[in-house]
Every structure is written in structure tokens, then in C-alpha cells.
Amino acid sequence: MKNANLLRLVQAFRYHGHRLSDIDPLGLSPKESIPALDPARYGIPYSGVQYDLTGILDILSPSGEQKSTATIEEILAHLRETYTGRIAYEFEHVTYLTDFKVFDHFMAKKFPHVKRYGLEGAESMMIVLDTIFREANYQGVREVVLGMPHRGRLNLLADLLQYPLPALFHKIKGNSEFHENDPATGDVISHLAQTVDLSYAESKNRIRVSLLNNPSHLEAVNPVAMGEARARQMGIMDDGTEGPDCTLGDRVLCVQLHGDAAFCGQGVVTETLGLSNLPHFTSGGSIHVIVNNQIGYTTAAMNARSSIYTSDVGKMIACPIIHVNADNPEDVVHATAIAAEYRNKFKKDIILDMIAYRRWGHNELDEPAFTQPLMYNNIRNRKSVPALYEQNLLSQTSIFSGGTDEVEIFKSKYFEKLEFDLGESANYHPKETTLKSRWTGFKIAKNVEDDVDTGVDIEALKKVGKASVTAPEGMKLHPRLQKYHIDARLNKLESGKNLDWATCEALAFGSVLLEGNDVRLSGQDVGRGTFSQRHAMFVDQETEKVIVPLNHMTHDTPSSIVGKLELANSSLSEFAVLGFEYGMSAADPNRMVLWEAQFGDFFNGAQIIIDTYISSGETKWLTSSGIVMLLPHGYDGAGPEHSSARIERFLQLSDQRFDVLKSEIDNPNMHIANPTTPAQYFHLLRRQMKRSYRKPLIVFTPKILLRHPAAVSQLLELTPGTTFKPILTFQPHSSNKFKHVIFCSGKIVYDMIKLRKETNLGDDVAIISIEELTPFPTKRLVEAIKGFSAGTKFIWVQVCL
């Protein structure tokens, strides 16, 4: 828009001018400096330049005629006289509400067949969010992480979050939000995201608001938002810019919006609330806003919950709850300010239940009177929230000297702006995406980086290994831990032989820490390990004091930073915890984030996060994540459950085609691996942090192989020049003459090696283990097959039950 910066200055006076008004007869109220009212903030110089006032401001000449142009000096004089005199006006709510009303009407007129999930009936949601952002900015918060469902999203994007309207209309018309060179499909309009820096007069600093992409599954974004908020706050605390007193919640705020039916009906809400006060999961308190339409799709409240209020589930964590009538914007502002102050003071969750209604059906093309005729007869006979508030203001104040006509002129000008931006959308072209903020320097993956040197100097490995089992002097350890874990590991490191899975994992984690990166391992019982194999934390047998040995490791170079290992023993939740970890991984590429299922099939409870985020987040939204899922796999004496990690499900979710010979995937949506040796596992983990991009990694980890005498590696297999191998060949001799070559994957490799030894076929059978299933190692397999003599028979072996 022409003179957009002038418009921002005028709006700043309308919103904040009252703070400089002369309304105190005693003169006791100090006049504060308000940066938002300084023209220099908007790049407007003090000069004799004439500014076009069309559609922005009405200034009359001495003769009473409306001026078309004015200098900045004339404009400031008019604004100060109008907004900072002896009457203080606060009417930003009416302009906001009017904008929303005009936007919805514009959308209904221009795009009548689009499901926009408008905010009509709950327009006060925008007042809630503006108040939260304003209060948070005043309280010193630097970032807000916002998770919300579809309703009202376009209103929020178009107005408060300043999403470029030509870009929005470009998308609504059916075009992609991404540049043609971006490896993304895009998503529907109700899932769009935006990050914007907002300015408020109460603070000299801007506040960054990040609205996250959300999937169609309601409430799935909640734990993701919490994880992002915690990761961002930890990043601020780690960089040391805020001082030692900065704590979780001081600089980053998590805001979660909910629908009334979803809040009480979706189990992930309860799971996420259960994380809110846990030491490894709290983000310093969330503000929950329930946009209460008093209906869920076509389900009446009486059939949607067993409690009086939809917010009652919040009582499980003693969460304060404020109920407010959305028809009264000023009451909404006061209630929201209280909620923001509570969260800031106590760093605890609080719920604002904003009771509103939904003017149309679930979407604008739906007929709600089929199932709720009485409710919708009431709704259709009532004025909208903006109309009621306009009427109230016009009857009580002289803000609009022109009365209703002036309000209509205001609406008309905004409608004209929307028309202009709709026209501009025809010439809009998305820019190619680049990663920013903490992701600066990383790239969006377009090709697989395979042969990454993930080896580590042998002395560093020994140092890490020793540190992983070193307890403070005087700590009372369990006697079995000393003999079977500590002494055994030290002996293996000294000999350089027979390194087991837990040892190689500790070496991977510790070496990543030495390189300055943090590691977070989350899940049920991860500190000890489900199978009592890990023991990454020690517990004093007399005091129950817990220490993490790797966090006491130091670097040989004093100035070098050593990362921290966070062992997040989680609640008995999969959906919320995995969503939380995804959020952590998406926020910070320099933190290795791993989620371990207690047993492989426990991922079932988190399938929505896997489907809508881990396997598709990059494809839909270009959201990168390096999350690692560790899924213990194998029957090993167990029954139908707690055994299979369902490899087939992940292969179905991968974008690898079935005809692998004709469709080489250079950029898979995730990596899926089934390693058979501890060294392979070591290199897989380190590869996650050594690439120039981030991709989800699904690892099917062993159970019985954790202590299998044949499933060991040598220290030399971890040294510089070594790397992860997508296929491993087990040959009894170096010749290429074999009668049979067996292909297999996973633990069955050791069964085949044993069978080969026990039969007279030993020298005639080679075994090839496929260690990485996605991307399928087609080229490597073709080369391996070419190396065998003519007449060799190739066999695939797997267990079928």
C-alpha cells in the first residue's frame, strides 16, 4: 500500500496516544516516552515532503476543505491535537473488530465457495490475542509461540499477524504458497503459518509472534507448541544474553487456542496439560484460550462433555479458569490481562474460556439449522459483536464526530484496501525459502548426503567412554552397577574390543556433546533404559540424588563449549511427549532430540504426530526436523504386543516408491534404519548432527542384541574415516564365488550367520544385511550383486508370522 509507514504511524497514535493525554489535574501521572509515536521508527523523516492522505487521514484546511496532502509536521500536529489532548480515547477495539467484520464480508463476497472458517460470532478472539501480545511485550517476553486450530486463522493472519494480503489471496485462489524451486507441496489455507515482529508502545522492544502450522487433527499442535517454546527459551538461556536469573517462561510464552468440543474431547489436551509442570517439559506456563462456540460441528454441548464447563479438564492441574462473555470486548480485555499477569507471575498454566458462538455452520458452506434450529434462529436474529460494540461507542462517546457515516467510511476504506491487495495478488510470486534464525547456515534438503565421515579420534572416544561411567567421589552406587556396567565398560574401552550397544550409544552422545551440541533423550524410563542397558544416570542408593555422568565432562580446550545431555524420563504419554519432542527438534537444529518408545509398538499412541508432523511436516510446510525415534523391535520372548515396531507402517509412510529400480528417491521424507551392529548405531546417531540439513530418523533398535555376544563392535570401527554403511556384507571368505547370497535386515542376520556355521553350506553362502530401508540403497545393492559370480542365487529371508 502507498504510504504504508504513514498509516502505521497514524494507527500508533490511535492506539497509544491516550498515554500522553493531559487528563491528570494534579499532574502526578508521569508522561512516558512512547517509541511507537516517533516518525523515525517508521522511516519517516522530518522534512517538507507532502504525504498523500488518501485513505489514511482526514485533515481540514483553515477554510474547512479536506486536504489531500500534508507535511509530516502538519500530520503530527493534527494527531497530537486529536489523540493527546485533554480527552483520552481508547477505541482500538472498535477498529480491530470492524476490520474483522469487513474482512469476513469481503471473503464471503469474493470467495463464496471457500471454506474459510471465519471468526464471525467470536471476533473477540482477536482482542484476546492482541491483549496477550501487548501484556507479554510489556512484561519482557521476547517471543510468543502460538498454536491454534483452523477457526479464525485467516482473520488473525490478515490483520494482527500482518500476513501479506496479496500472498494470502494468491493462496486462496489455488496457488502454492511456495516458490517452484522449493521441495514442498504446500497445505490448505487454514494451516498457514506466520512469524512477525510486533511493536507496542508499552515496550521499546519488539515481540516476535510465531504462529505454527497445524494439521487438521484438532489439538495435535498443542504439545508441539510447548516443545518449541521450551527449546526457544533454553536457547536464550544458553546464549547468556539474559543473565543467570533468566528462567523458563521469562522470555518465551506459549499460547494455545482451543475449540470447546476439542478441549474436553481430545485426549492429547489432557496429556499436554499433564506435561505442563513436569521438570523436563514445562515451558514456564501456557495461556490457554478456549474459543467456546457452544457446539462441536453438529454436536450440542450436552452430548460433548460430562462436565459443566468444557474447561473443567484443566482442574486436573489446579489450573485457574476465567470465563468471559465474548460479546463484551472490554470485559474480554480485562479478563485477558488478568490471565497474562497470572502466567507471568507464577509461570503456571491458566485457562481463559471465552464463551461465544459460531454464526455459520462448521464452515460457511454448511447449514447448521438442520441440527440446531433454535440456536441458529437466535444467532441469525442478533447483531454481530462488532456491530454491538460500534453501537455502544457511538451512543456514549464523541470519538467519531461523523457518527455512523464515519464508521462506514472507515469500513469502506478497508474494503478498498482489500480490493487493491486482491488485484496485486495476480502479480504475486512467492520467494524461494531460506532457513533463518537458529537455522541459519542449514539448508533445506534436496539430495541425500550419504558418505558423511562420522568417525571420532580414538583418544576422544576413550575420554567420553570413561566419563560416561565416572561417578562423584563418595556416591553410593548399586553394587551390580559397578561390576556389570562400570567395570565392564572400562575394560572394553581399554581393550578396544567387544563394544556393546549401550557403550556405542554413550560414545555417540558424548562425542556430540564435545562438539558443542546438546542431546535430549526423552521417553519412559530412558535414564536407566527399558532393558536396564543404558544407565546414563546414576542414583545414589542412600539419598536418591541423581547425576548424569556425561554432564560432568570437560573439554581439553577451556574456551570450547561442551553440550548438555538432558534425560527426560517422561510421563506415561506417547502422543503429547512425541509431539513435544518434535517441537523441540523443529526449534533448534543444534540439539539432538531423541524419543525412545518403551517398547516399539508404543508409537501407536502417537500415530497422529508421526502422520501429520514427522513424516509430512517438511513436505507440507518446509519445516525441518532432525528428531530420532528409537523403537525396540523383536519378539524375544514377548507376546503379540510389545514386540513388533511395525516396520511396514513406516515404510508405507515413506515416499520411497515400490519400484525402487525405476524411482531413485534423492530426497526422502525420513530415514528408516534397522542397524545390526553397535558401530552402525553409533554412526547413524552422529550422522544426524553432521549433515548440513535435518531429517527425521526412525531406528529399529534391538532387545536381545543389546547383550548378544556376537553383536559387538571394535573401537577402530568408530575412528576417523568410518561412516554408516547402508548395507553390510558378511562373507566367510574374500572370493566372489558363492552359490547363494542371502538378503535380510535386522536381528535375523545373526540367526543366518549361526545357521551358516551349523550347516555344511558355510563357504557357499554370503549374507547381505540391508541396514537402511529408506532411502533404499538401490545403487549399492546393484554394485554388490555385480560383484558375485554368474550362477549365484539370490534369496530374501525374513520371519513370517
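**View 1. Lining of the largest cavity.** In this predicted model, the largest cavity is lined by Trp501, Ala502, Glu505, Phe531, Gln533, Arg534, Glu596, Pro632, Tyr681, Thr701, Pro702 and Leu706. A cavity is a set of points, on a 1 Å grid over the protein atoms alone, where a 1.4 Å probe fits but cannot get out; lining residues have an atom within 4 Å of a point. Helix α17 (residues 501-514) supplies the largest share of this lining, three residues. The space in the largest cavity is about 130 Å³, a volume being the space filled by probe spheres set on the points, which are joined across faces, edges and corners. The count of cavities of 30 Å³ or more is six. Helices (H or I, at least four residues) and strands (E, at least two) are DSSP runs, numbered from the N terminus.

**View 2. The seven-stranded sheet.** The strand order in this open sheet of mixed pairing is β4-β5-β3-β6-β7-β11-β10. β4 (194-198) and β10 (321-325) are the edge strands; each has a single partner strand, so one side of each lacks a neighbour in the sheet. Two strands pair if DSSP finds at least two bridges between them. Strands β6 (residues 252-259) and β7 (residues 286-292) run parallel and are joined by six bridges; histidine 258 has isoleucine 290 in β7 as its bridge partner. Helix α7 (residues 221-239) packs on the sheet, touching β3, β5 (207-211), β6 and β7, and its direction makes about 175° with that of β6. Axes are lines fitted to C-alpha atoms, for helices over the stretch in contact, and angles run from 0 to 180 degrees between N-to-C directions.

View 3. Glutamate 143 lies in strand β3 (residues 143-147). Its relative accessible area is 15%, so glutamate 143 is buried (under 20%, 1.4 Å probe, protein chains only). Its side chain makes a polar contact of 2.9 Å with that of arginine 232 (a pair of N or O atoms within 3.5 Å, one able to donate a hydrogen and the other to accept it; residues adjacent in sequence count only if both atoms are side-chain atoms). Beyond neighbours within four places in sequence, residues in contact with glutamate 143 include Ile207, Ile236 and Leu253 (heavy atoms within 4.5 Å).

**Notes.** Residues are numbered from 1 along each chain as its sequence is written. In this predicted model, local features need pLDDT of at least 70, side-chain atom pairs count only at pLDDT 80 or more, and totals for chains, interfaces and linings use all residues, while side-chain values use heavy atoms, without hydrogens and water.

Definitions and conventions: Buried < 20%, exposed > 50% of the residue type's maximum accessible area, 1.4 Å probe, protein only. 1 Å grid on protein atoms, 1.4 Å probe; cavity = no way out; pocket = protein on both sides within 12 Å on 5 of 7 lines; lining within 4 Å.
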